[in-house]
Amino acid sequence: MSAHTLSPRSSTESLQSSSSACSIPDKLAPTLSSPMAWEGAELDPKQYIVELSRSEVDNIRAAVVGFKLQGLPRSEISQRTFLLQANLARKLSGVSKDLHQGLGIVVLRGLQAARFNDEEAVIAFAGVSSYVAPERATDSYANQTLSHVRDATKEIVPLWAKDIGLAGSKITAAMDFHSDRFSGDILALHVRNDGGPGIGGGQYVASFWRIYNELLRTEPEVLETMAEADWPFELKQKDQAPYLELGPTLFFSRGKPICQLVKAPLLGSPRILRDPSMPKVSDKQTYAMHIIQDLATRFSAKLDRKQGDIQFINNLSIMHAREAYQGANGKASTRHLLRMFLRDPENAWEKPSQCRTNFNDPFTPGRPQELPIIDMDPWRAISGRESHG
């Protein structure tokens with residue numbers, strides 16, 4: 001195959017196909033010239049950090065109090081119930097444009113000054129995020145909308161949970177570069193506690209579009225492997241055997257490459273092993289993952305992080321990774337992030353018709369949403385699902 005052509009048909013025709021099965025595109029998109037195709041060495045934190053003024057923080061605190069006075073469940077948090085002044089609302093709306101048309105990363109800084117308690121932090125996180133991207137993803141597996149990224153490795157495992165294992169969000173191991181598969185367009189993280197100095201847990205980001213350009217020039221076969229619909233994803237099921245879902249790790253949206261490569265459902269994770277009945281990834285797929293990890297590391301930047309930050313990352317074009325971390329004096333780490341996946345229908349990229357249902361599923365209207373204040377159950381059924389890390 002040539003560097004750009006997979007078959008005689010045009011990629012536009014392929015993307016408009018009504019086929020219900022994910023399939024390889026007919027063409028690789030050409031080299032991308034975009035602010036989103038950056039290298040880490042070029043990325044200055046000043047480019048992606050958006051500072052909140054004291055008056056804006058006060059406005060957010062007032063919106064939190066106003067929401068609580070309404071006596072509504074947290075699932076009702078929206079622009080309608082979490083009221084912000086017009087100037088701040090426009091500022092947050094601009095964040096969405098930066099995520100979809102700019103660098104693909106925005107860090108909102110300044111909320112630490114509000115000194116929110118646990119309940120207020122969840123309300124503020126969901127409320128502010130509703131102005132950036134109003135739709136929240138809810139996993140169909142456990143109706144989980146907001147999750148807690150923290151260290152649960154020191155907790156006593158109850159008997160009923162002995163075979164469930166802990167997801168990547170609940171352990172301290174490093175995570176390779178990935179995009180969370182079919183989870184949402186935007187990954188949002190609120191830093192409640194950074195764990196303190198010297199304990200690890202640093203976050204890294206890499207532009208898949210820069211990786212794409214490099215592979216298009218040097219090894220287009222890797223991109224072709226990613227676009228092939230034969231990657232063997234293992235999907236766990238509650239109280240049932242897992243099942244196999246074949247699909248690609250690279251999609252295209254009107255010429256925009258979308259990366260949905262995550263290793264856990266392909267290789268297993270330290271606490272959730274891959275079922276031996278599942279087929280192994282091929283040598284070509286193993287090589288592709290190795291090359292993507294190497295290039296992501298080469299082009300990556302360490303995310304500038306402070307306590308109280310809300311991080312927004314385009315989950316379709318920006319890969320993210322985490323270094324290992326630990327607690328002090330053998331205790332559990334205090335590192336704690338809140339996580340949601342979002343979508344802004346005004347700026348959202350059109351998804352390929354072959355897999356549109358998969359991309360849309362987390363945003364199914366009417367699905368009950370759960371935004372827990374405290375993570376009391378790290379072994380919940382969702383820990384075994386395929387998406388995260």
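Tutor: F208, I211, Y212, L223 and I292 touch the most other members of the largest nonpolar core, which has 61 residues. Helix 9 (residues 283–299) gives the most to this core, with seven residues. This is a predicted model, in which local features need pLDDT of at least 70 and side-chain atom pairs count only at pLDDT 80 or more, while totals for chains, interfaces and linings use all residues. Residues are numbered from 1 along each chain as its sequence is written, and side-chain values use heavy atoms, with hydrogens and water left out.

Student: What makes a set of residues a nonpolar core?

Tutor: Such a core is a set of buried Ala, Val, Leu, Ile, Met, Phe, Trp, Tyr and Cys residues joined through side-chain atoms within 4.5 Å.

Student: Which residues does Y212 touch, not counting residues up to four places away in sequence?

Tutor: Y212 touches L28, A29, P30, L32, L223, L250, F252 and P257. Contact here means heavy atoms within 4.5 Å.

Student: Why is helix 6 described as largely enclosed by the rest of the structure?

Tutor: Nine of the 11 residues of helix 6 (residues 208–218) are buried, so the description applies. Buried means under 20% relative accessible area, exposed over 50%, and partly exposed in between (1.4 Å probe, protein chains only). Helices (H or I, at least four residues) and strands (E, at least two) are DSSP runs, numbered from the N terminus. The buried residues of helix 6 pack against strand 7, helix 7 (220–227), strand 10, strand 11 (256–259), helix 9 and strand 14.

Student: Is S147 to be called buried or exposed?

Tutor: S147 has a relative accessibility of 9%, which is under 20%, so S147 counts as buried. The residue belongs to strand 4 (residues 147–150). Leaving aside neighbours within four places in sequence, S147 is in contact with L337, L338 and R339.

Student: And is D239 buried or exposed?

Tutor: The value for D239 is 76%, over the 50% limit, so D239 counts as exposed. D239 lies in the loop between strand 8 (231–237) and strand 9 (240–247).

Student: Why is the pair of F182 and F251 called tilted?

Tutor: Rings of Phe, Tyr and Trp (its six-membered ring) pair if their centres lie within 6.5 Å; planes under 30 degrees apart count as stacked, over 60 as edge-to-face and the rest as tilted. The centres of F182 and F251 are 5.9 Å apart and their planes stand at 55°, so the pair is tilted. F182 lies in the loop between strand 5 (175–178) and strand 6 (186–193), and F251 in strand 10 (residues 250–253), so the pair ties together parts that are 69 residues apart in sequence. Ring pairs link F182, F251 and F359 into a cluster.

Student: How do you know that R181 sits over a ring?

Tutor: A charge sits over a ring if NZ of Lys or CZ of Arg is within 6 Å of the ring centre and within 35 degrees of the ring normal. R181 lies over the face of F233, at 3.6 Å from the ring centre. Likewise, the charged end of R335 sits over the ring of Y325, 4.7 Å from its centre.
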